[in-house]
Amino acid sequence: MKRGLLLTGGGDKVMRLWSLGNYKCLEEYSTPDSTSVIDFNFDEYKIVGLLGTRICIWRRDGARSVFPPCEGTFSKGLCMQYLDPEAMVGCEDGTVRVFDMYSKKCSRIIRMHTGSVTCLCVSDDQLVLSGSSLGNVSISSLSSDQQVSKLRTRDSTVTFCRTIRILWENRVSPNVLYSLQHLRNDSSTLVVGGIDGEVVSRIVLAGSISSSRDKNGIVARTRGARLAEDVHTLR
């Protein structure tokens, strides 16, 4: 979701762009050869999606370009993010493959985990954050091949660089991580989601949705109610 727009993808091999102002579908983007979309992201000009071992770019003006098949470049891709002009693919072999979106070639290979890379996000200061099937989170730099820092966990165990490109690695969950996000302009907070079942808080919608327009687009607001810890909900 960005700037009043929501992009969704499903099993019918079609991505849809929705307006959060009038809740209508604005545009549809079909995948080539009816290939399922594994992961995607977008901005106001384009959509970048991972299709198996290929990357596809849909321009908002209707143009579409597909990277050549990359079976020999990386193993099965599980997640993807991009920061112009580069796209990053998290792979089953524990690496992140960095592609130049203009030349369509792999420019770097970053060893992130011993397990599969299951989720990715990229910060504005050229840091790649990844979660793994083993419950680890790793942070690497796109702009430097030098070791930048060593961090200590709360139990004073030193976390160290496995290669000169990994800045930090720590286990945050006993199980696979499926999502990972951070707030823009905030380098101190990281949110991860997995299957360990731990719930920090639960909030349900408790009011009607109102929308307004500001300099960033359309903003939808509603009230929420925090549930007590002993309240059971259906999942």
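Predicted model: local features only at pLDDT ≥ 70, side-chain atom pairs only at ≥ 80, totals over all residues.
**Nonpolar cores.** I looked up the largest nonpolar core and found that it has 12 residues, including Val-48, Ile-57, Phe-67, Met-80, Cys-91 and Phe-99. At least two residues of this core come from each of strand 5 (46-51), strand 6 (54-59), strand 8 (77-83) and strand 9 (86-91), and strand 9 gives the largest share, three residues. I then noted that another core, of 11 residues, lies apart from it, with Val-98, Ile-110, Met-112 and Val-117 among its members.

**Ala-87.** Among the residues of the largest core I picked Ala-87 and listed what it touches when residues up to four places away in sequence are not counted: Ile-55, Gln-81, Tyr-82, Arg-97, Val-98, Phe-99 and Met-101.

**Val-14.** I located Val-14 in strand 2 (residues 14-19), and I record it as buried because its relative accessibility is 14%, under the 20% cut-off. Setting aside neighbours within four places in sequence, I found Val-14 in contact with Thr-8, Gly-9, Glu-28, Tyr-29 and Ser-30. For Glu-28 I also noted the C-alpha to C-alpha distance to Val-14, which is 6.6 Å across a separation of 14 residues in sequence.

**Strands 12 and 13.** I checked strand 12 (residues 117-122) for burial and found six of its six residues buried, so the strand is largely enclosed by the rest of the structure. Strand 12 pairs with strand 13 (residues 127-132) in the antiparallel sense over five bridges, and I followed Leu-120 to its bridge partner in strand 13, Ser-130. The two strands form a hairpin with four residues between them, and in the turn Gln-126 has a positive phi of about 70 degrees.

Terms used. Residues numbered from 1 in each chain as written. Heavy atoms only, no water. Core = buried A, V, L, I, M, F, W, Y, C linked by side-chain atoms within 4.5 Å. Buried < 20%, exposed > 50% of the residue type's maximum accessible area, 1.4 Å probe, protein only. Contact = heavy atoms within 4.5 Å. Pairing = 2+ DSSP bridges.
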